[in-house]
Amino acid sequence: MLYLILFGAPGSGKGTQSDLLVEKYQLTHLSTGDLLRKEIASGSQLGQEIDQYISKGNLIPDQLMIDILNKTMDACNSSKGFILDGFPRTVAQAQALDEMLQTREGASTILVNLEVERQELINRLLKRGETSGRSDDNLETIQKRLEVYEAKTKPVNDHYKAKNQHAHIDGMGSVEVIFERIEKAIQPII
Ligand code: AMP
């Protein structure tokens, strides 16, 4: 079972590339951002709590995120594997994922890191904000999210580099060209 971690800053194209990977390789797409937004849309107490973090550009607490993901993965039946989009976002989450996968037989993991220049990230997110309706796609929150990414999320790369489960992808260019680069990187394990 493949666990493909699609990794990168906000706006790096994780969602777009996930859609293409799902279509071609029949993987199950798990986007933690989507899961959290669904919880907010349900109007639950938990959703209101989550909204406080997301709308300010902060990460939700690790344990809460880990519990939500664990529950979702348990409820999902996937024969081919998963794309993890937006998780892990801290080293603590990466360690929790390692533990989760230890209990799953034959799990192979790769982190695919989409690297995109900062100004391009901002341009893409502002453009998305024109239609996404997301409370966090505005300049102030985008800048905060990029800060959080640099401080808390980027170190996750090293966790997977140390385990030799890391592929670096140039995330600048057309959607199709970037997809080809990803395919080349995952070919040995897919
Ligand atoms: P995304 O849709 O991946 O850009 O995520 C939107 C927001 O959801 C992030 O800015 C965080 O506030 C929250 N979020 C998503 N995934 C995680 C995670 N793994 N850990 C903590 N917060 C998360």
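How exposed is Gln 26? Gln 26 is partly exposed, because its relative accessible area is 46% (buried means under 20%, exposed over 50%, and partly exposed in between, with a 1.4 Å probe and protein chains only). The structure is a predicted model, in which local features need pLDDT of at least 70, side-chain atom pairs count only at pLDDT 80 or more, and totals for chains, interfaces and linings use all residues. Residues are numbered from 1 along each chain as its sequence is written, and side-chain values use heavy atoms, with hydrogens and water left out.

Gln 26 sits in the loop between helix H1 (14-25) and strand S2 (28-31) (helices, H or I of at least four residues, and strands, E of at least two, are DSSP runs numbered from the N terminus). Its phi is positive, about 50 degrees, although Gln 26 is not a glycine. Asn 164 also is not a glycine and has a positive phi, of about 60 degrees. Asn 164 lies in the loop between helix H8 (156-162) and strand S5 (166-170). It counts as exposed because its relative accessibility is 74%. The peptide bond from Phe 87 to Pro 88 is cis, with omega near 0 degrees. Pro 88 belongs to the loop between S3 and helix H5 (91-102). Most residues other than glycine have a negative phi, and most peptide bonds are trans.

A search of the whole structure gives 2 aromatic pairs (rings of Phe, Tyr and Trp, the last by its six-membered ring, with centres within 6.5 Å; planes under 30 degrees apart are stacked, over 60 edge-to-face, the rest tilted). Tyr 3 and Phe 82 are stacked, at 5.5 Å centre to centre and 25 degrees between the planes. Tyr 3 is in strand S1 (residues 2-8) and Phe 82 in strand S3 (residues 81-85), 79 residues apart. Both are buried. Phe 7 and Tyr 149 form a tilted pair, at 6.1 Å and 45 degrees. Phe 7 lies in strand S1 and Tyr 149 in helix H7 (residues 139-153), so this pair ties together parts 142 residues apart in sequence. Phe 7 and Tyr 149 are buried.

Asn 113 lies in strand S4 (residues 108-115). It counts as buried because its relative accessibility is 2%. Leaving aside neighbours within four places in sequence, its contacts include Phe 7, Tyr 149 and Asn 157 (contact means heavy atoms within 4.5 Å).
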